[in-house]
Amino acid sequence: MGDYMPQEVFMKKSAMFLLWVGAAISVSEIFTGGLLAPLGLVQGLIVIIIGHIIGTALFAGGACVSYCRKLNAMDSVAFSFGKLGGKLVALCNLVQLMGWIIILVVQAGGAIAGVFPTLPFWTVTLGLSILQIVWAVIFGTPGGRINDVAVVLLAGLCVLFFVESFGYAAGSFSISNNMSIMLGIELSIAMPVSWLPLAGDYSSKANDKIGATLMPFLGYFLGSCFMYIIGLSIVVSNGSDIFAFIASSRFRYVACGIVLLSTITTNFVAIYSAAVSSTKWIKTKNVRTSILVVGIFTLFVSVFFPVSRFELILEKFLTSITMVFVPIFTLVLLEFFMKKQKTEKPINWGQLFIVFIGIAGNWLFNKYSIFIPTVMTALLVSTLFTIKYIVGRTQARGRKNP
């Protein structure tokens, strides 16, 4: 990583907690919470909590592995999948992070443009993209004091927005769309899982194990649940989508501040980790160079090729992330707890084969709505890993005792 994030710089518990609270506060989280409205307020709340317990537990598990091994997220993957296997996963992570950055900017642009209709959409996305690049380059590593202050301010602004969203609770609107409880849980799992491939980039720099695992869990769990609940309450009680609510809100200018600041703090984390993942393919002495490249690329796409149909794209994007990264990190966690040694092969084909089966299994579980697809995928991968482990041990004994 060059001199960008020196080894001796460690993150305190409070900084780690606030980092993940800030990462959780975003328009996409509120929007996804709104997708759960067909379940109603009570079922929606239950689904949010269950899904976030499962998803954030996986997320914290990945953070724990990186802390114990003192490796960033993609190096932890390479530990299990080999150097080339780690590079392939890093490429997948780079793609998903850039996708997140673009989606967040475009959604934030839509929200702000709704409040200021005279502003051309492209100018809003351009401004947001430039601000997040400047923030990342100037303040460097996430977890600094300026970022902490921004997150505390952001949380305070969200409380105001939350109060107004429940101000409409007396008149509930009927919502015709259907959604199963299992799909709702899956959408609640998917958001914390989307951060799983980069949790280790920060936990590996934590002061201690509590700061590396419990603080990310609590920070993201509380922040993300809060965002989902805001989105759920807006749609259930107000009957409008998130963007229409923001445009008509009494606190619409406060809402714009939330959108602006949350986009910067969330993408701050994503840009940094995307830059770290890119160093697996392009070596650089300073990650700031990679930050500029990632920032400029996502700026170009956000401004000139804005994404439409947020609901469909976000749901598909989240399920795609879960489909790929749940099998990968289930194997990383299993190997860690089995105390297996680092693979010396350039690529661990056995592990990749299990991942491919896990991806296919996740697709089938989603297609046919079989229980909770993430849980079923983790169970499938765990079963295959156990069989592979037992067969390997049996063969090793056979070679020792012919």
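Predicted model: local features only at pLDDT ≥ 70, side-chain atom pairs only at ≥ 80, totals over all residues.
User: Ok. Which residues in H1 are buried?
Analyst: Going along the helix, you have Ala 15 and Met 16, then Leu 18, Leu 19, Trp 20, Val 21, Gly 22, Ala 23 and Ala 24.

User: And what span should H1 have at 1.5 Å a residue?
Analyst: H1 covers residues 13–24, and at 1.5 Å a residue its twelve residues should span 16 Å. The C-alpha atoms at its ends are 17 Å apart, which agrees with that.

User: What's in the loop between H1 and H2?
Analyst: Ser 26 is found there.

User: Buried or exposed, that Ser 26?
Analyst: Buried, because its relative accessibility is 5% and the cut-off for buried is under 20%.

User: What is Ser 26 in contact with, leaving aside neighbours within four places in sequence?
Analyst: Leu 104, Met 227, Ser 262 and Thr 266. Met 227 also turns up in H9, where it is among the residues that meet H2.

User: Oh, H2 and H9! At what angle do they pack?
Analyst: About 55°, with the axes of H2 (residues 27–35) and H9 (residues 209–238) 6 Å apart. That angle makes H2 oblique to H9.

User: Which hand is the crossing?
Analyst: Right-handed, as H2 passes H9.

User: Which residues in H2 meet H9?
Analyst: Glu 29, Ile 30, Thr 32, Gly 33 and Gly 34 do. On the H9 side, the residues they meet include Tyr 220, Ser 224, Tyr 228 and Leu 232.

User: Switching topic: where is Leu 45?
Analyst: Leu 45 sits in helix H3, residues 41–69. Its relative accessibility is 30%, so Leu 45 counts as partly exposed.

User: What does Leu 45 contact, beyond neighbours within four places in sequence?
Analyst: Ile 229 and Leu 232.

User: Now the whole chain. How many helices and strands?
Analyst: 15 helices and zero strands. Of the 402 residues, 55% count as buried.

User: What share of the contacts with a separation of 6 or more comes from residues 24 or more positions apart?
Analyst: 87% in this protein chain.

User: Last one: how much accessible surface is there?
Analyst: About 16900 Å², and 71% of that belongs to carbon and sulfur atoms.

Terms used: Residues numbered from 1 in each chain as written. Heavy atoms only, no water. Helix = DSSP H or I, 4+ residues; strand = E, 2+ residues; numbered from the N terminus. Buried < 20%, exposed > 50% of the residue type's maximum accessible area, 1.4 Å probe, protein only. Contact = heavy atoms within 4.5 Å. Areas by Shrake-Rupley, 256 points an atom, 1.4 Å probe, with all protein chains shown as cover. Expected span 1.5 Å × (residues − 1). Axes fitted to C-alpha atoms, helices over the stretch in contact; angles between N-to-C directions. Parallel < 35°, antiparallel > 145°, perpendicular 65-115°, else oblique. Left-handed = near helix turned anticlockwise from the far one by under 90°.
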